[in-house]
Amino acid sequence: MRKKIFAVLVAAGALVFALSLAACSPAGGGASSGAGAASGDATSGGGVVLAYNTEPQTNLIPSMVNEVGGGNILELIFEGLTRYDVDGSTKLAIAESITTTDDGKTWNVKIKEGKKFSDGSPLTVQNFVDAWNWGANPENGALSGEFFMAIEGYPEVDEEGNLVGTFDGLSGLEVVSDTEFNITLNEADPEFDKQLGYSAFYPLPTGSLDSPEALEAQGTKPVSNGPYVLQAWDHNEKIELVPNPEYDGDIPAKNAGLTFKMYTDDSAAYNDLLAGNLDVLDSIPADAMSTFKDDLGERAINQDGAVYQFFTIPYYLEHFADDEEGRLRRQAISMAFDRQEICDTLFNGTRTPATDFVAAVIPGHSDSIAGNEVLQYNPEKAKELWAQANAISDWGNSTFKIAYNADSSAHKEWVEAVLNQVGQTLEISAEPEAYAQFSELRNDATNGTMKSALRGGWQADYPSAYNFMGPIYRLNAGANDSRYNNPEFEKVLLEARSQQDEAARTEGYAKAQEILMRDLPAIPLWGQNALGGYSEHVDNVVVNWKTVPVYQDIVKK
Amino acid sequence: MKRYVGRRLLQLIPVFFGATFLIFAMVYALPGDPIAALGGDKGLPPAVRAAIEREYHLDQPLLIQYLYYLKGIFTFDFGMTFSGRPVVEVMADAFPWTLKLALMAIVFESVFGILFGVFAGLRRGGVFDSTVLVLSLFLIAIPVFVIGFLLQFIIGVKLGWLPVTVDQSMSFKSMLMPAIVLGAVSFAYILRLTRTEVAENATADYVRTATAKGLSRPKVVVRHILRNSLIPVITFIGADLGALMGGAIVTEGIFNIPGVGGTMYKAIFQGEAATVVSFTTILVLVYIFTSLIVDLLYAALDPRIRYE
């Protein structure tokens, strides 16, 4: 009897366990059948590609989106006046022609006839104008609203950020007919057409901005004009895109659809990729950096990318003012650490040392800018320059610091590595300064209250060298954390931008970069490579200039 | 009994106000500027910034912000996230996941923990006892993310027996591994707790009396030993439900579960008071209810305990 009760208990336990295992036996078929099971109903068409994404942080209204989770989706479901090719060159999309007669102050845009939204409604220039006016209206809180600041009539604000007067549309937008409109800018910008492919400039269907309800509907299940249309959005779980039947543009979908699975952690996504439950992953988790090339073989992606990193030493810091001493110290620090070594050892060759101020995939990037030897490791020269600076004003026992945000695990290690080398080379004390949150760091940087140097990163919005200089080094630019103020640079940069000829423009940008090499308002570090991988179930995975896979070209085997 | 339950339920009111206000104040006191973070490296135009601040009442002092929030709650409006989704929707998305995960973990840890604990406790010092003691020590000592990653890699990626991450239908199959990982540590505690209690009660006088009266062994074990041994175990399980619901961040991350833990973690970092406070309030309520149920269960298990 005594034995029996235990036998019963154990048997019951074993049964429960056996049942739970039995319940999962369908997955026992291994990795390949797991893929079919995981995608469930989505794969019934056979050619649906499963891709990685993060949950969009806003509704999918083009001017509202300012992060990649939403941007990835927008770029597949909408098409703008222009679009970017794989290599970053700008092509006409909805636009028939975009012309300027006065070096880029006023633009005339004609769009192709017969273009339609996914619900069949016609696409006219009014759809662009209305969408832009909505994005430019500060009352709407569009996070990408700054893209409209270049257009004449962008609303003015007082010191507290309140609107001066009322805003009833950008005066720089003038509709000529259903297929033609004119744009007037605040200042001449011959590259304005390049910006027009950015997602903030996408059109919105008629009526979608009329009421909060219509806007909500458009933002959660957009009517769109791109190669795909959004079929379902299960928040935090997945977004399903299917080919748009009304699309007749140049980049049609070559698969039966795309299902983006939402992840909060790319480690989980990476394991899904290894098990065959995910087809495309455009990110590699930190813990797999050293193994992903072996794990994935030729299905690993590791190539030059559009994300560019640097650190900034603000001019308002002691010893780093806009004078000879500041310049010498910046150059000394830049030459005091070995970028190549850190890229190789710390990042396993997944980053590439910077040779200029522009990411490697952007037209205008160069490894032969005059003066770029300041980006080379040269301890003797660094010591020499540092000593010269000390002769002007003694460094004493001060500590050199670089601030980073600790809420991302991506920065601590390299900041420490750079500071170690700088400290050793220059024989000074050098320490990291950790901010708990990115927003705290941005706050101090924006208010000009930093007490140390700070890390920074930049990703291109549109493929132009200007986009890596204007927004960061021009006097009143939003991301000018160093408070760099050099009229000579500004003049050369704007002159370069106003060149009609591509070659002349590139040459001009190189001249502007020469000035930056001398002043080092930011100290270039490295470009972040485009990393990722894909499964055995898909083919033709190519990564574009923005380090995003060209999803519409991926085919399912 | 009724009065006791009534009194306990009345306690909810001050706890509700206290918890919401405290958490609201703490989120308010968090360093950093949530709106600046929305803009990323680029920053927002000042007018856009001002418009967003007005929309979320961020330009108001703490107390006013809190009153706005309370006013919303009493009309079942839990506010909006910075991404413009109603918090109610976010909760409706996240809680089912976490609830299912926590319940599965609780069932797993209770069934196996008590079963193994009884078996080990009755045969103290035996082979089974020693084995599960070592096993449970391992489970307690190894951090949960190590267990999670190991299981995920071996069972999910290499062997392909169970899905690597959960699927959208919340299937039992895909939730099994996360539930086991989540319940692993508590399983070890329940096992050890049950084992000690059973071993101690097995030699108690009333057990000897029961056996002497001629009761069968199964009756003695289930009615006398187990019933008395379960009181501390039930307390633990009740408290654990609350902990599992809010504290599953690590497990949720590993298995890509869009549950409460991960959502709150993100909301705290973004300084989204409405989301953090709403989620925490629900968790506090869950915690209060489970502890009430646990207290009532005491009376059922031990006739000596009565509530007035």
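The model is predicted, so local features need pLDDT of at least 70 and side-chain atom pairs count only at pLDDT 80 or more, while totals for chains, interfaces and linings use all residues. Residues are numbered from 1 along each chain as its sequence is written, and chains are lettered from A and ligands numbered from 1 in the order in which they are written. The model scores ipTM 0.79 and pTM 0.79. Chain B averages a pLDDT of 86; pLDDT is the predictor's confidence in each residue, from 0 to 100. In chain B, 98% of the residues score at least 70. Where pLDDT is low, the predicted coordinates should not be read in detail.

Chain B is divided into domain 1 (2-74) and domain 2 (90-306). These bounds come from an automatic or database domain assignment. The C-alpha centres of the two domains lie 32 Å apart. In total, 15 residues of domain 1 are in contact with 12 residues of domain 2 of chain B. Contact here means that the C-beta atoms of two residues, placed from the backbone, lie within 7 Å. On the domain 1 side, α2 (12-29) and α3 (34-39) of chain B are the elements that give two or more residues. Helices (H or I, at least four residues) and strands (E, at least two) are DSSP runs, numbered from the N terminus. The largest share of this side, 9 residues, comes from α2(B). The side divides into 12 nonpolar, 2 polar and 1 charged residues. Ala, Val, Leu, Ile, Met, Phe, Trp, Tyr, Cys and Pro count as nonpolar, Asp, Glu, Lys and Arg as charged, and the others, Gly among them, as polar.

Between the chains, 65 residues of chain A are in contact with 57 residues of chain B. Elements of chain A that each supply at least two residues include α1 (2-23), α13 (438-447) and β16 (453-459). The most comes from α1(A), with 8 residues. The chain A side divides into 26 nonpolar, 26 polar and 13 charged residues.

Strand β16(A) is mostly covered, with 5 of its 7 residues buried. A residue is buried if 20 or more other C-beta atoms, placed from the backbone, lie within 10 Å of its own. β16(A) pairs with β12 (300-312) of chain A in the antiparallel sense over 6 bridges. Two strands pair if DSSP finds at least two bridges between them. Val307(A) stands opposite Gln459(A) in β16(A). β14 (399-405) of chain A runs parallel to β16(A), joined by 2 bridges. There, Ile402(A) has Ala453(A) as its bridge partner.

An open antiparallel sheet of 4 strands in chain A has the order β4-β5-β7-β6. β4 (95-100) and β6 (173-177) stand at the edges, each with a single partner strand, so one side of each is left without a neighbour in the sheet. Four bridges join β6(A) to β7 (180-184) of chain A in the antiparallel sense. Val175(A) is the bridge partner of Phe181(A) in β7(A).

Another antiparallel pair in chain A is β8 (228-234) and β9 (238-243), with 6 bridges. Val229(A) stands opposite Val242(A) in β9(A). Their hairpin has 3 residues between the strands, and Asn236(A) takes a positive phi near 65 degrees. β9(A) also pairs with β10 (257-262) of chain A, antiparallel, over 4 bridges. In that pair, Ile239(A) stands opposite Phe260(A) in β10(A).

How values were computed: Buried ≥ 20, exposed ≤ 12 C-beta atoms within 10 Å, placed from the backbone.
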